[in-house]
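Q: I would like to learn how to read strands and their pairing. Please start with the terms.

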There are 2 protein chains.
Amino acid sequence: MSVIDRLTDEFARLPGIGRKTASRLTYHLLKAPPGDAERLARAILAVSERVRPCQRCGNLTEQSPCAICASPRRDVSIICVVEEASDIGAIERTGQYRGLYHVLGGHLSPLDGIGPSELNIAPLIQRLNGEEPIREVVLATNPSVEGEATALYLHKLIVPAGVRVTRIARGLPVGGDLEYADGVTIAEALHGRREL
Amino acid sequence: MSVIDRLTDEFARLPGIGRKTASRLTYHLLKAPPGDAERLARAILAVSERVRPCQRCGNLTEQSPCAICASPRRDVSIICVVEEASDIGAIERTGQYRGLYHVLGGHLSPLDGIGPSELNIAPLIQRLNGEEPIREVVLATNPSVEGEATALYLHKLIVPAGVRVTRIARGLPVGGDLEYADGVTIAEALHGRREL
């Protein structure tokens, strides 16, 4: 197999990239200025060699504890629980959250054989019962069926620890259109209405 | 900048890949089995280090002359002229062509400053006037305005060499629907009609 076919195969293994896109990417790198392909390859190697989960929160990072856990400027009394490390970036980009995080590594999914012991849940409970001065846990799992089930399960588990447990709000996305929103979202938006 | 952000940036530089897809690819590699990321990186390095244009036809290859030019089983009396090396793969996959190739490296595009001297045209004329026993040149540039203009230019240039010059057929794509075909394609299909 030629190196061109091999690279096309590797690109095609990535999610959302079919054979034609993979071929286009390969030929793009062949036509790109020298150094472009090598820079991409080095960036991939750097990530796979250097990035590890943070021992404390599960964030993917080059150092452990991660920059968020180690920062003296974060509010250590609040933990935001997310499904994946990539969700942290989405929340950080808003600039509206100054607390810590905890990454579950997925959501409960009995049909796929993913129960509580497959997720990073026991370490979360240890944190709540440990030396961290946590007063609130924000459950920011996805607003999907599995994400909701995971949030409900965690809620029951965390309440005995005596901390406040909150869930991120569901409702109409900003910039969205009521007319085109699905019924469940509109129902949630009505249910979660607030005083102006 | 973290290595995660750097890899996301590199992915986002590829054609057709935006910031969100780039981020998804990065986190995919972080979650993938160990070795997956390294295999992708090695495949990219192998391509950028080993692949060069064939000295004779311009095909991208690990050896020069390329496997097609060097093969004793190809019909050396016919050359198919294509815009890009990636077009060779598309034609080879049909299994219907046994001749040689010549890669132009693009098409004529005066507005972008691409004239005949920017393309791999002079070496094509040298091949026609050289020792190769060429009897036919198939112009397989794209059926776009620029591809047509390039084919017309080459036709005028090649005719004096005394070889047959043909152009790939335009018409309705197989499996297509007359009702939804554009007018120019239908006109070309009528114009190029053949006896059954």
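A: Two strands pair if DSSP finds at least two bridges between them. Strands (E, at least two residues) and helices (H or I, at least four residues) are DSSP runs, numbered from the N terminus. This is a predicted model, in which local features need pLDDT of at least 70. Residues are numbered from 1 along each chain as its sequence is written.

Q: How many bridges join strand β3 (residues 75-82) of chain A to β5(A)?

A: Four bridges join them, and the two strands run parallel. Within this pair, I79(A) stands opposite V137(A) in β5(A).

Q: Which way do the residues of strand β5 (residues 136-139) of chain A point, and are they buried or exposed?

A: Buried means under 20% relative accessible area, exposed over 50%, and partly exposed in between (1.4 Å probe, protein chains only). E136(A) and V138(A) point one way, V137(A) and L139(A) point the other way, and all are buried.

Q: What joins β5(A) to strand β6 (residues 164-167) of chain A?

A: Four bridges do, and these strands run parallel. V138(A) stands opposite T166(A) in β6(A). From β5(A) the chain passes through helix α7 (residues 145-158) of chain A to β6(A), a β-α-β crossover that is right-handed. Right-handed means that, with the strands pointing away from the viewer, the path from the first strand over the helix to the second runs clockwise.

Q: Why is strand β3 (residues 75-82) of chain B largely enclosed by the rest of the structure?

A: Six of its eight residues are buried, so β3(B) is largely enclosed. Five bridges join β3(B) to the parallel strand β4 (residues 99-103) of chain B.

Methods. Chains are lettered from A and ligands numbered from 1 in the order in which they are written. This is a predicted model: local features need pLDDT of at least 70, side-chain atom pairs count only at pLDDT 80 or more; totals for chains, interfaces and linings use all residues. Side-chain values use heavy atoms; hydrogens and water are left out.
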